[in-house]
Amino acid sequence: MKKTLALLVSFVMFAVLGVKGADPVTWSYKLIDENTDHPAVQMTATVAAGYHLYDFTHGGMENPLNISVKADGATLVGKPAANKKFTAETDEDGMPARYYTGSVTFTQKLKATKPEFKLTIKITGQACDDNSCSNINVAKIMSGKASVAGDVKEEETETPETPAEELADTLAAVGAVPAAATDSVSGAVLNESEGALWANVEAEVKALGTEEKEASLWAIFLAGVIGGLIALITPCVWPMIPMTVSFFLKQNKSRAKSVRSASVYGLSIIVIYVLIGLVVTAIFGEQALNALSTNAVFNVFFFLLLVVFAISFMGGFELTLPSKWTNKMDSKVDSTTGMLSIFFMAFTLALVSFSCTGPIIGTLLVEAATSGNYLAPAIGMFGFALALALPFTIFAMFPTMLKSMPKSGGWLNSVKVVLGFLELALALKFLSIADLTSGWRIMDREVFLCLWIVIFFLLGVYLLGKLRFPHDSKVEKTGVGRFMLALVSFAFAVYMIPGLWGAPLKAISAFAPPSNTQDFSLFEGEVKARSHNYEEGVALGLNENKPILLDFSGHGCTNCRELEGAVWTNDEVRNIINDKFILVSLMVDERTKLPEQIIKTNRKGETVILETVGELWGFLESEKFGIMAQPYHIIIDHNGKPLSQAMDYNNGKNVDNYIKFLETGLNNFAKQTAPASIQEK
């Protein structure tokens, strides 16, 4: 059994984390019927054996195909049409699956309006085999000639804005460029990536001693451990501990065998939940997981999901899996022996306890997925399972400790209700992210704080026994523990009240919307960006002879909000940034459309089509600095060269580190601008 489990885990790890081979879908392009007034473009997909390329109308979990063709000098006639019919079937979840295998050609017909035309093609979608999925994101630019009957009569129109001017207006409209400065930067906004300001500086940054600490996975692991410990004290799991340990003690004649059985039981729990995390990663894929953190649709979905979890915890209904699953696992336990029987016992625990652990696991997976880290779901599930499995092994080793366990009672249901309140508060974070990235302005900072104040005030009332939910036992008297927790909840609610008038509230800066969304604020200690446009910021730095502090951030970046709330509100940090730097904040998840597509070639030689303001700044960060992380702060000079090591979230949340980072940039900038005679000294 041990070999079987090891092989299973190895297989899944290889499938999900292994080195990727060739692309599962390759594309070729061809223009047909050129030199006529009805040319067309053919896009042929060659799908690797074992893979499915999903159709435009696919209705399953996988991403459907999308082909976008933009034409200059021609108009589109209809939509891209395939040369063969897709395969249609129903997948195991009952969803309609429509896909292509082998080779398929899509033809987009055109109507020429000029003798020469240019096509910009962008194709997205997903191709999957039985083990994993790969996202498709390719682009192609083509030019062709056509025969246009008659002369094309030019209409008299006003002189259009140049792309640079239109982009500058767009950035100004979303707060990306101060309106007064638009004229001064309109000619500089669209510099080519080959220019000095866009040139790659990875080597220079590393030479300055950049230190990047990957602590995010540790945070996910610790969150998983906390989730597992909380799951232990729910009504579905807590009573199972003495029952399961007693079973091992009675079944085995020796204590050593009991400990071994309990250890295998705990290991089986870990394997089961880690596999869940790996499956989540395999289904969504690396790119999709990274995109979840700022996708409005997914964040609204997560908000509704956590609200459902909260209602379930509060007693509105029970989340249960089909009874036939549990019965099937029970039969497997009875029909097998040895280690395999113990594995099925662990599986039964996972199914039986789902009504309590499901919301905790769901919340953990949502947090892990939206962290953007590829390994996060598996790491989070490992922490959860480790905390859940450990007590079974410990009590089997020291069975006398079972006598000291608190007995089951109404307090277990109170734990669930408290978790319901916390789920409700956390749900608002995801609604806030969707609101920020979409610009709805329905969840501004004061609205968010009002809701949190009410939630935690009511939680305190509940803990005092003045508020009861279904399945709650009547609280005859308030224990010391409940009173202390109620006191903390009330104090936290009071703590947030000054935030309604603009107080920074550092303790919740990672969750609450940024202070600039607040309509009324008495707080004057805020650090404000001078610009939200890269080249405009460099121009300001040149005019004022100051270094530029680049802040790659995002509307949905919780770590960005935490760093800003905990570090930038420090008096010394705030004064240094406001007085001695040009702060340029670039939102990589800004969804505002550019007036027209910007076509770039990345360092890999691939054609990249940028359609939103956020994609433009994301391209800058990845191509110039070789990283796609937020927050990411770096100080540059007027030529786009780094003046200090980069500052990420893990190093930057320490005030002393951040001050040292700022001072290093200032000192190196001073050396650059000092006269040569002084530099020699």
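Reader: Does Phe395 count as buried or exposed, and why?
Author: Please bear in mind throughout that this is a predicted model. Phe395 counts as buried because its relative accessibility is 12%, and the limit for buried is under 20%.

Reader: Where is the place of Phe395?
Author: Phe395 belongs to helix α12, which covers residues 376-397.

Reader: How far apart are Phe395 and Thr244?
Author: In sequence, 151 residues separate Phe395 from Thr244. In space, the C-alpha atoms of Phe395 and Thr244 are 9.9 Å apart.

Reader: How many residues of α19 are buried?
Author: Twelve of the 13 are buried, so α19 is largely enclosed by the rest of the structure.

Reader: What follows α19?
Author: Gly626 follows α19, and its phi is positive, near 70°.

Reader: Which residue has a positive phi although it is not a glycine?
Author: Leu505 is one of them, with a positive phi of about 50°. Leu505 lies in the loop between α15 (480-496) and α16 (534-544), and it counts as buried because its relative accessibility is 6%. Asn545 is also not a glycine and has a positive phi of about 55°. Asn545 is found in the loop between α16 and β11 (548-553). At 46% relative accessibility, Asn545 counts as partly exposed.

Reader: Now the rings. How many aromatic pairs are there?
Author: The count comes to 25 aromatic pairs. In one of them, the rings of Trp198 and Phe619 have their centres 6.4 Å apart and their planes at 40°, so this pair is tilted.

Reader: Where in the chain are Trp198 and Phe619?
Author: The pair links distant parts of the chain, 421 residues apart. Trp198 is in the loop between α3 (182-185) and α4 (202-207), whereas Phe619 is in helix α19. Trp198 counts as buried at 5% relative accessibility, and Phe619 is buried with a relative accessible area of 6%.

Reader: What about Phe421 and Tyr462?
Author: Phe421 and Tyr462 form a tilted aromatic pair, 6.1 Å centre to centre with 45° between the planes. Phe421 is in helix α13 (residues 410-438) and Tyr462 in helix α14 (residues 445-463), 41 residues apart. Phe421 is buried, with a relative accessible area of 5%, and Tyr462 counts as buried at 2% relative accessibility.

Reader: Which charged end sits over the ring of Tyr462?
Author: The charged end of Arg482 sits there, 5.8 Å from the ring centre. Likewise, the charged end of Lys429 sits over the ring of Phe430, 5.0 Å from its centre.

Reader: Which residues form one aromatic cluster?
Author: One aromatic cluster is formed by Phe448, Trp452, Phe456, Phe492, Tyr495 and Phe511.

Reader: On to strands. How many residues of β2 are buried?
Author: Strand β2, residues 40-47, is mostly covered, with six of its eight residues buried. Strand β1 (residues 25-32) pairs with β2 in the antiparallel sense over eight bridges, and Ala45 in β2 is the bridge partner of Trp27.

Reader: How do β2 and β8 pair?
Author: They pair in the antiparallel sense over seven bridges, and β8 covers residues 103-112. In β8, Thr105 is the bridge partner of Thr44.

Reader: Lastly, what does Gln597 touch?
Author: Leaving out residues up to four places away in sequence, Gln597 touches Lys70, Thr120, Ile609, Leu610 and Glu611. A polar contact of 2.7 Å joins the side chains of Gln597 and Glu611. Gln597 lies in strand β13 (residues 593-601) and is buried, with a relative accessible area of 18%.

Terms used:
Residues are numbered from 1 along each chain as its sequence is written. This is a predicted model: local features need pLDDT of at least 70, side-chain atom pairs count only at pLDDT 80 or more; totals for chains, interfaces and linings use all residues. Side-chain values use heavy atoms; hydrogens and water are left out. Helices (H or I, at least four residues) and strands (E, at least two) are DSSP runs, numbered from the N terminus. Buried means under 20% relative accessible area, exposed over 50%, partly exposed in between (1.4 Å probe, protein chains only). Rings of Phe, Tyr and Trp (its six-membered ring) pair if their centres lie within 6.5 Å; planes under 30 degrees apart count as stacked, over 60 as edge-to-face and the rest as tilted. A charge sits over a ring if NZ of Lys or CZ of Arg is within 6 Å of the ring centre and within 35 degrees of the ring normal. Two strands pair if DSSP finds at least two bridges between them. A polar contact is a pair of N or O atoms within 3.5 Å; within protein, one must be able to donate a hydrogen and the other to accept it, and residues adjacent in sequence count only if both atoms are side-chain atoms. Contact means heavy atoms within 4.5 Å.
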